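User: Can you walk me through this model? Keep it short, please.
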Amino acid sequence: GELEFEKCLQHLQVATNWTGNTKKEFAEIELYNGLCFYGLNRPTEAFDHFEIAIRVDRELELPPMQGPRIAALFSSANRCG
């Protein structure tokens with residue numbers, strides 16, 4: 001539920017602040033931030049995180065088994081990024 005996604009964001013916030021991340025790790029953290037925000041029904045913030053992730057790592061892809069709506073959001077962020 002929503003509590004799960006809130007926890008997800010808290011963990012990712014810690015990861016984002018950790019300066020030892022490689023570019024690829026940073027991109028993945030941003031990707032998962034986007035997935036968390038999407039899960040909280042906050043697609044605008046999800047889109048922003050996807051866009052950052054894609055700018056950092058052009059090869060980035062969504063994890064498997066995502067729904068068509070989130071895939072569409074990711075691909076529109078990919079066009080902007």
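Analyst: One term to begin: contact means heavy atoms within 4.5 Å. Helices here are DSSP runs of H or I with at least four residues, numbered from the N terminus. This is a predicted model, where local features need pLDDT of at least 70, side-chain atom pairs count only at pLDDT 80 or more, and totals for chains, interfaces and linings use all residues. Residues are numbered from 1 along each chain as its sequence is written, and side-chain values use heavy atoms, with hydrogens and water left out.

User: Which residues of α2 and α3 meet?
Analyst: From α2 come K23, F26, A27, E30, L31, N33, G34, L35, F37 and Y38. They meet E45, A46, H49, F50, I52, A53 and V56 of α3.

User: What angle do α2 and α3 pack at?
Analyst: About 165°, with the axes 8 Å apart. Axes are lines fitted to C-alpha atoms, for helices over the stretch in contact, and angles run from 0 to 180 degrees between N-to-C directions. So α2 and α3 are roughly antiparallel (over 145 degrees; under 35 is roughly parallel, 65 to 115 roughly perpendicular, the rest oblique).

User: And α2 with α4?
Analyst: Those two pack at about 135°, with their axes 12 Å apart. That makes α2 oblique to α4. L31, L35 and Y38 of α2 make the contact with R69, I70, L73 and F74 of α4.

User: L31 keeps turning up. What else is L31 in contact with?
Analyst: Leaving aside neighbours within four places in sequence, L31 is in contact with F50, A53, L60, E61, L62, P63 and F74.

User: How many residues are in the largest nonpolar core?
Analyst: There are 19. Such a core is a set of buried Ala, Val, Leu, Ile, Met, Phe, Trp, Tyr and Cys residues joined through side-chain atoms within 4.5 Å. Buried means under 20% relative accessible area, exposed over 50%, partly exposed in between (1.4 Å probe, protein chains only). L31, F50, L62 and F74 have the most contacts inside this core.

User: Which helix gives the most to this core?
Analyst: α2, with six residues.

User: Back to α3. Which residues of α3 are buried?
Analyst: A46, H49, F50, E51, A53 and I54. They pack against α2 and α4.

User: New topic. Is L3 buried or exposed?
Analyst: L3 is exposed, because its relative accessible area is 62%. L3 is found in helix α1.

User: How far apart are L3 and D57?
Analyst: Their C-alpha atoms are separated by 29 Å, and the two residues are 54 residues apart along the chain.
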